[in-house]
Amino acid sequence: MANRFGEILLSTGKVSVQQLEEALAIQKEQGGRLGSILVKLGHLDDIDLVDLLSQHFGVPSIDLNEMEVDDSVLKIIPPDIARKYTILPVSKAGATVTLAMIDPTNVFAMDDVKFMTGYKVEPVVASETAIRAAIDRYYGSTHSIELKKVMEDLSEDPIDSDLEVLDDEEDMDLAELEEESEQAPVVKLVNIILTDAIKRDASDIHIEPYEKEYRVRYRVDGILYEVMHPPIRLKEAITSRIKIMAKLDIAEKRLPQDGRIKIKTKVKGKVKDLDLRVSVLPTIFGEKIVMRLLDKDNLMLDMTRLGFEPESLRLFEQAILKPYGMVLVTGPTGSGKTNTLYSALSRINQPEVNIMTAEDPVEFNLPGINQVQMKEQIGLNFAAALRSFLRQDPNIVLVGEIRDFETAEVGIKAAMTGHLVLSTLHTNDAPSSISRLMNMGVEPFLVATSVHMIVAQRLVRRVCSFCKEPIEVPPAGLINVGFSEEEVGQLTLFRGKGCERCSGTGYKGRVGLYEVMEVGDEIRELVLAGGSAFEVRQKAVENGMTSLRQSGMQKIRDGVTTVEEVVRETVA
């Protein structure tokens, strides 16, 4: 914009080449707007600047010094918003408010005003100097108030021990958002959705438009629950508000978009930093938004608490403590694979080892581990990252997911050349992962020699410990699950009756079911001979592998979960 505006300035003869170059040099060094700098230098007056801006943007100009704004118009926009965007409401007609702006292309400012006030916005151009002077004249000067407040704060607490240096990505403080929400219904509604999800320990928020309704659902402990139906007329406003918070393009409604929101909040007296991964997807009735809440406090890095049976945990630890080879964790999306891998890295993270990870996205930051975020659009994919890692003298490499032959090939070669490689696959169980790798094009002998262990996992809901009570289950149902007739009579089963702590569901929290398959000599021979996934499973069970269903049955015996949960997530 600066270049085009500079060309307009030169073409009118209002500014010389030398004056323009002087202003551009100051702009490069100190920032600011080119027109305002020229006015400060005395090379251009305010009236000429406004006329040029009007010509540049194709929007009418206004002289704020020659008009008086009515009080009822000023009340439309709060002082902090006027100062934040350097805008001033100058008139209203019906459902339209006319805004004096420095930059009429600032869609963030116009959309915020639309959402907060319900008015349509008609922009006009005024100079920065005139708008700032008018804001001070109508809303009151802020300089003396701010200076007094700073002096009072310093006298009360000269050393701020809680001073926090934030990164250049602006943190959104929920307390501030809640204050702001009193003036804006849509902002308030979005804040309620976020704060309520955090309080309920939701992992995902789904905001979904349909033909005649608009609904919000939370995923709590793996299950989606409907929580509210906002008015359908607020659909566009809510979508745009979330897009602004996630720094996405509010004008783009045809393509999927991904972004991030950072939130700092206080829950149960404890300050928490939360990341929200935002995904926007166009549907036939509008844009569906899914936000995943990433809470470091929910990351469980103690492997003994994940849900492994004692023998399975011993085998898994044995595999990740080997100096080389590949360990795969498989399961559907949302089955806790990332948590298991992070726990494994935490267990083997020592100052004497170099650990590198390629992730998409990097969900949690782990101290002492070099984590790399994938960027497909510039060619940084798992295979490219893995190749670079091998030139970085690693001991242990984590690849977020093996999606294709290229990644699988590089990973397997790394496992065969003295590196421990951890990764994930999307398969139903541990034995079928071997077939999946071979279907990608990896030779059977490479799979057999490089893969040391495959872990399949699922997550099931825990029975709420606050409302847990024993129940009777028909013996036939338990026998169908896999229990023997002898065992059925001795079992005591539990279920939560529902309480305030578990929101009446009877469940609180989740636990993992694990199927740990060690790739020993017998399974290697079977793979080399071209054995099917079914044959590999039979051999693994013969060798003592605990299946997902058996892991679930053990959780039922221990009173940790229910028959319904195990049947929902596993097959016999």
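Trainee: How much of the chain counts as buried?
Mentor: Of its 572 residues, 47% count as buried, meaning under 20% relative accessible area with a 1.4 Å probe and protein chains only. This is a predicted model, where local features need pLDDT of at least 70, side-chain atom pairs count only at pLDDT 80 or more, and totals for chains, interfaces and linings use all residues. Residues are numbered from 1 along each chain as its sequence is written, and side-chain values use heavy atoms, with hydrogens and water left out.

Trainee: How many helices and strands?
Mentor: The chain has 24 helices and 19 strands. These are DSSP runs numbered from the N terminus: helices are H or I with at least four residues, strands E with at least two.

Trainee: New topic. At what angle do H17 and H22 cross?
Mentor: Roughly 145°, with the axes of H17 (residues 431-440) and H22 (residues 533-542) coming within 8 Å. Axes are lines fitted to C-alpha atoms, for helices over the stretch in contact, and angles run from 0 to 180 degrees between N-to-C directions.

Trainee: Which residues meet there?
Mentor: Pro 431, Ser 432, Ile 434 and Ser 435 of H17 meet Ala 533, Val 536 and Arg 537 of H22; contact means heavy atoms within 4.5 Å.

Definitions and conventions. Buried < 20%, exposed > 50% of the residue type's maximum accessible area, 1.4 Å probe, protein only.
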